[in-house]
Amino acid sequence: MQGSSSTARRTGRRRSALAAAASGLAVVLTYVVAVIGPPATAAAAACGTTNVALNRPATASSAENSRLSAANAVDGSATTRWSSAFSDPQWLQVDLGVSTDVCEVVLTWQTSYARSFQLQVSPDGVGNWSSIYSTTTGSGGTQTIPVTGTGRFLRMYGTTRATGYGYSIYELAVHGASAGTPSPTSSGPPVPGGGDLGSNVVVFDPSMSSASIQSKLDQVFAAQETNQFGTQRYALLFKPGSYSGLNAQLGFYTSIAGLGQHPDDVQIHGDITVDAGWMGGNATQNFWRSAENMSIYPVSGTDRWAVAQAAPFRRMDVHGGMTLASPNCGWASGGYIADSRISGTVSPCSQQQWYTRDSQVGGWNGGVWNVVFSGVTGAPANTFPKPPYTVVDKSPVSREKPYLYTDSAGAYRVFAPSLRTNSSGVTWANGNTAGTSIPLTQFYVAHPGDSAATINNALAQGLNLLFTPGVYHVGQTINVTRPDTVVLGLGFPTLIADNGVTAMNVADVNGVRVAGLLFDAGTTRSPALLQVGQSGANADHAANPISLQDVFLRVGGAGPAAVTNALVVNSNNTIIDHIWAWRADHGAGAGWTTNPSDTGLVVNGANVTALGLFVEHFQKYNVIWNGNGGRTIFFQNELPYDPPSAAAWSHDGITGYAAYKVANSVTSHEAWGLGSYCVFTTDPSIAAYHSFEVPNNPNVRFHDVLTVSLGKGSITHVINDTGDAALPSSVTPHNVISYP
């Protein structure tokens with residue numbers, strides 16, 4: 001989306017052009033030559049015939065609806081089209097991937113065409129647009145327009161519609177005088193989009209027998225049930241249709257998802273099950289698994305989803321109830337549901353904390369310490385702490401996670417849902433989710449073994465990024481710099497930061513989406529695993545924010561590791577939608593000196609919103625919030641298990657570091673439903689002073705906050721100097737309902 005500053009620049013250029021035209025005939029003649037270019041015969045002789053815009057990333061000022069997205073205008077089909085909103089001006093933009101000498105543009109209009117428009121080129125797609133063609137007498141139909149200009153980005157900028165409808169283009173084709181040379185940010189030859197999803201993406205279709213599908217599901221589960229720190233990763237994908245007689249049990253690093261555009265396009269008459277038999281019913285280590293975008297009809301009427309952190313349940317339609325623990329109600333701690341409908345009752349049983357967002361439930365029965373809802377139709381009343389329900393009627397700002405699906409022709413596409421404000425309920429209740437559809441050909445499909453240099457080259461050429469399941473060693477930073485880039489992982493692809501690099505940097509630009517990735521710290525200390533925006537970033541992204549969804553950050557567990565801050569968010573308005581930053585408390589290399597890490601999340605941007613924040617075991621503050629206007633709905637935390645002593649874990653005369661610190665400079669912040677626990681296994685005599693540290697300001701407000709001692713160590717206060725001590729003699733929550 002173009003901001004107001006871009007509009008001002010365009011207006012300024014138009015005024016300058018008019019002034020120049022009025023100053024003399026010579027200027028007018030020079031301008032006409034510049035925009036019209038050489039005679040058509042010369043242009044045709046010099047032009048290539050390859051359509052360099054075909055299947056390239058395309059964006060637009062607007063789309064009439066999700067079926068008429070910008071990508072349709074560059075897909076090579078004469079039957080699909082882009083259509084804008086019914087207003088002026090509007091634009092359609094394509095990223096050619098490399099700086100290209102453009103010599104011809106072919107526009108195939110639908111009956112809703114432009115009377116007045118320009119063709120413009122730009123080196124960066126953000127500003128610096130130069131006009132290479134202009135008309136006030138557009139004729140519609142198919143226009144073949146000879147031009148002269150050079151740029152990586154080309155757009156049609158319409159200022160007057162010929163009809164009362166929007167601007168509508170079947171196809172935008174661009175021909176270049178040469179194949180183009182790499183742009184300044186590109187470091188290699190052009191990289192093709194699309195491609196094979198790899199052997200660890202298993203695709204099922206309704207023509208397959210239930211027995212053969214079940215056999216494969218069982219094979220994957222057998223490999224992954226206890227494989228907590230292994231390297232295998234799987235995505236189990238179901239094409240649209242109905243399936244019966246299945247029980248898909250999910251182990252570690254396993255995603256199951258439907259390939260329909262609507263959850264009800266894939267119907268599972270059976271179960272999708274997470275249990276904890278491998279740990280005797282204890283579900284507190286059932287991490288890194290997911291279910292998305294399908295409808296299920298549980299055999300018993302109730303589906304079992306006994307999980308802990310990093311186990312999202314998204315875009316699911318459950319025709320029945322759910323239970324969130326093992327049959328014996330063994331320990332369980334933490335989970336996340338979004339954009340889902342459960343027609344029956346959800347029974348948490350032993351779940352200590354849980355967050356449900358923008359969903360619909362038939363009922364909810366209980367909870368242990370805090371259960372949080374935002375934008376949930378059918379949620380219980382706010383009764384914290386007895387029952388421990390925290391209810392926010394609407395989610396202030398949200399955007400659902402991108403997802404892979406197949407279109408009517410069977411081709412893979414990625415759907416990027418639209419931004420919502422003050423939202424409640426599922427996005428698909430009355431039809432398909434609103435948003436933009438992007439063909440897989442506009443993605444670089446990455447496979448384990450691909451280098452960061454190759455991935456950066458693909459991103460620099462304008463491609464989005466799809467990581468297939470596996471482990472990726474990142475020896476240099478992956479840089480996401482183009483606005484609206486989608487970075488999506490299938491089956492928990494894991495990016496390991498080698499050589500002390502930051503695994504991924506996202507530039508301070510509009511609309512980038514990073515989803516479905518696990519970032520793993522390497523043995524050489526990195527400054528961060530993921531950074532959003534450069535230090536000092538100050539752009540306003542309220543209309544089109546950067547979003548992080550199902551992004552998980554791990555320090556240790558799979559081996560010794562080190563990072564200073566797992567996630568740093570510098571960009572304003574960023575949406576953090578379900579992250580788990582975890583300094584490992586078990587597994588290989590878990591120890592005070594073998595997996596050191598200061599902080600799980602540092603927020604420097606203004607007006608950042610966190611929806612489902614899980615941050616645990618970091619050695620200093622788990623969360624530091626420096627930006628104004630921040631909001632958090634749901635926070636789960638355990639303080640580090642392993643401080644060697646109170647003296648070693650103290651600062652400024654205070655024992656311990658708060659789990660969640662709002663900087664003294666912050667003047668506005670609000671949070672709902674936060675919990676922090678302690679279990680100091682190395683030195684049980686430690687008494688942390690408090691878990692929440694905030695400035696005393698009436699605009700810094702906390703609701704429904706608690707601390708718990710899990711039997712070793714204590715927390716003296718809940719927030720600042722307020723709240724009773726959580727003592728090891730009683731594993732019960734100590735609550736502050738409102739602060740200040």
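This is a predicted model: local features need pLDDT of at least 70, side-chain atom pairs count only at pLDDT 80 or more; totals for chains, interfaces and linings use all residues.
In general, the strands of a sheet are paired by hydrogen bonds of the backbone, and the pairing can be parallel or antiparallel.

Now colour the two ends of the row. Turn the view to look along the row of strands.

Next, select residues 660-662 and 687-693. These are strand 46 and strand 48, which run parallel and are joined by two bridges. Show the side chain of Y660 and look across to strand 48. Which residue of strand 48 does Y660 stand opposite? The residue is F692.

While you are in this part of the numbering, select C678. This cysteine is buried, with a relative accessible area of 0%.

**The whole chain**

Zoom out and switch to a cartoon view. The protein chain contains five helices and 51 strands. Along its principal axes, the C-alpha trace spans about 90 × 60 × 45 Å. The radius of gyration is 27 Å; a compact globule of 740 residues would have a value near 27 Å, so the two agree.

What percentage of the 740 residues counts as buried? The value is 60%. Contacts can also be sorted by how far apart the partners are in sequence. Among contacts between residues at least 6 apart, 67% join residues at least 24 apart.

**The disulfides**

How many disulfides does a search of the whole structure find? There are two. If the bonded cysteines are numbered in sequence order, they pair as 1-2 and 3-4.

Select C47 and C103. A disulfide joins them, with an S to S distance of 1.7 Å. The torsion about their S-S bond is about 130°, so this disulfide is right-handed. Trace the chain on either side of the link. C47 is in the loop between helix 3 (40-46) and strand 1 (58-60), while C103 belongs to strand 3 (residues 90-109), so the link ties together parts 56 residues apart in sequence. Are these cysteines buried or exposed? C47 has 14% relative accessibility, under the 20% limit, and therefore counts as buried. C103 is buried too, with a relative accessible area of 6%.

Move on to C329 and C349. They form a disulfide with an S to S distance of 1.2 Å. This link is right-handed, with 80° about the S-S bond. C329 sits in the loop between strand 16 (321-323) and strand 17 (336-338), and C349 in the loop between strand 18 (341-347) and strand 19 (353-357), so the pair ties together parts that are 20 residues apart in sequence. C329 has 35% relative accessibility and counts as partly exposed. C349 is also partly exposed, at 32%.

To finish, show both links at once. C47 and C103 are buried, whereas C329 and C349 are partly exposed.

Terms used
Residues are numbered from 1 along each chain as its sequence is written. Side-chain values use heavy atoms; hydrogens and water are left out. Two strands pair if DSSP finds at least two bridges between them. Helices (H or I, at least four residues) and strands (E, at least two) are DSSP runs, numbered from the N terminus. The radius of gyration is taken over C-alpha atoms; the globule rule is 2.2 Å times the number of residues to the power 0.38. Buried means under 20% relative accessible area, exposed over 50%, partly exposed in between (1.4 Å probe, protein chains only). Contact means heavy atoms within 4.5 Å. A disulfide is a pair of cysteine sulfur atoms within 2.5 Å.
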